[in-house]
Amino acid sequence: MTGGVVGAATDKVPVTVLTGFLGSGKTTLLNRILTEQHGRRIAVIENEFGEIGIDDALVIDAEEEVFEMNNGCICCTVRGDLIRILGTLMRRKDRFDHILIETTGLADPAPVAQTFFMDDEIGSQLRLDGIITLVDAAHLIQHLDDERPEGVENEAVEQIAFADRIVLNKTDLVDADQLAEVRRRIGEINRLADVHEAVQAAVDLDAVLDVGGFDLTRALDLDPAFMTDTEHQHDLTVTSVGIELPGELVIEQLNDWLGELLAEKGVDIFRSKGILAVRGMPERYVFQGVHMLFDGTQGEPWGTAERVSRAVFIGRDLDRAELEAGLRGCLAVPVPAA
Ligand SMILES: Nc1nc2c(ncn2[C@@H]2O[C@H](COP(=O)(O)OP(=O)(O)OP(=O)(O)O)[C@@H](O)[C@H]2O)c(=O)[nH]1
């Protein structure tokens, strides 16, 4: 039974869709949600864009169940997988009371939202509580103004348009005038969503979970074909290069290479991340880049695991051979390409 409005709101398990452009802070918010004492049992579904999955290592170990979907984009190719995972979760409803779906940074949230209205079984047991969109205050305008070929949607615009709540993150990277301009641009696209400013995605969880926010009428206003249109066109010029490299890297060479690479190509390299093996460092070195900004932190110790570096670059006009040669050039003992 799909039930009346009251029954629908109380019986169904709420689902939050966490979206936002590459590097905006989705995993940071997810980790915050997984570590905070909020009394909810949350099942997480994660979808990542990139040839090699890195996020599984970046999401903290939590008691919550995390399902990975890495073989395509949640809004199109792996939507069937999403429906299957939701089906599995519905059969184990006693184990959790909230579902959180983190989309890739290049996903259009509308088709993900559609899933909860078009599939009867899902619609009868789960309700879309809200679409939460993370925004990178330092890079939003660049992403909104990024020109796309005709007919290709700009995901950054779609993500804001469909948001029920917006977390305006990374406010530490902009001044008051820039922040006001970012807010103005957000307001041009979506006037209704509450905007919460944040650093390191530090928001009150009540502002993002159980918001009772998703409004189908508004979604239909935005896109009259919301319930029927399943086709959409990704920007196929954005691709990813994944590199796996056994051996140990020299930190100074790595920093020099990444610094130069991102200074020169950081407009086109939207996102870079890696779990790297560095000579003399017993822990994994976690590297994160968003356009030209990058930093490194210590991750989990390698222990007895084989020291293999994994890195992913996402962007336009990526030169795979050059990226591979560059990373290989940072090896302590150079190994020729296979
Ligand atoms: N300066 C600054 N950096 C931040 C902030 N929030 C997150 N970051 C950093 O931005 C980088 C990207 O953050 P993530 O949480 O991985 O972003 P994401 O949206 O999950 O990235 P993708 O999954 O690749 O789309 C990381 O290096 C974070 O530490 C912030 O408020 N300020």
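Ala, Val, Leu, Ile, Met, Phe, Trp, Tyr, Cys and Pro are counted here as nonpolar, Asp, Glu, Lys and Arg as charged, and the others, Gly among them, as polar. On this basis, the residues of the shell around the ligand in this predicted model divide into 6 nonpolar, 10 polar and 6 charged. Of the 22 residues around the ligand, those that come nearest are Lys26, Thr27, Thr28, Gly105 and Gln288. At least two residues of the shell are supplied by each of helix H2 (26-35) and strand S10 (283-290), and H2 gives the most, with 3 residues. Because domain 1 (13-50 + 57-213) and domain 2 (220-330) both give residues to the shell around the ligand, the ligand shell lies between them.

Turning to the protein chain as a whole, the secondary structure comes to 12 helices and 12 strands, and buried residues make up 39% of the 338 residues. Among the contacts in the chain with a separation of 6 or more, 79% are accounted for by residues 24 or more positions apart.

The largest nonpolar core has 74 residues, and those with the most contacts inside this core are Val17, Ile99, Ile101, Ala113, Val135, Ile166 and Val167. Strand S5 (residues 126-136) provides the largest share of this core, namely 6 residues. Since domain 1 (13-50 + 57-213) and domain 2 (220-330) both give residues to this core, the core lies between them. When residues up to four places away in sequence are not counted, Ile99 touches Val13, Val15, Ala43, Ile45, Leu89 and Leu126.

Terms used. Residues are numbered from 1 along each chain as its sequence is written. This is a predicted model: local features need pLDDT of at least 70, side-chain atom pairs count only at pLDDT 80 or more; totals for chains, interfaces and linings use all residues. A residue is near a molecule or strand if its C-beta atom, placed from the backbone, lies within 6 Å of it. Helices (H or I, at least four residues) and strands (E, at least two) are DSSP runs, numbered from the N terminus. Domain bounds come from an automatic or database domain assignment. A residue is buried if 20 or more other C-beta atoms lie within 10 Å of its own, exposed if 12 or fewer, and partly exposed in between; C-beta atoms are placed from the backbone. Two residues are in contact if their C-beta atoms, placed from the backbone, lie within 7 Å. A nonpolar core is a set of buried Ala, Val, Leu, Ile, Met, Phe, Trp, Tyr and Cys residues joined through C-beta atoms within 7 Å.
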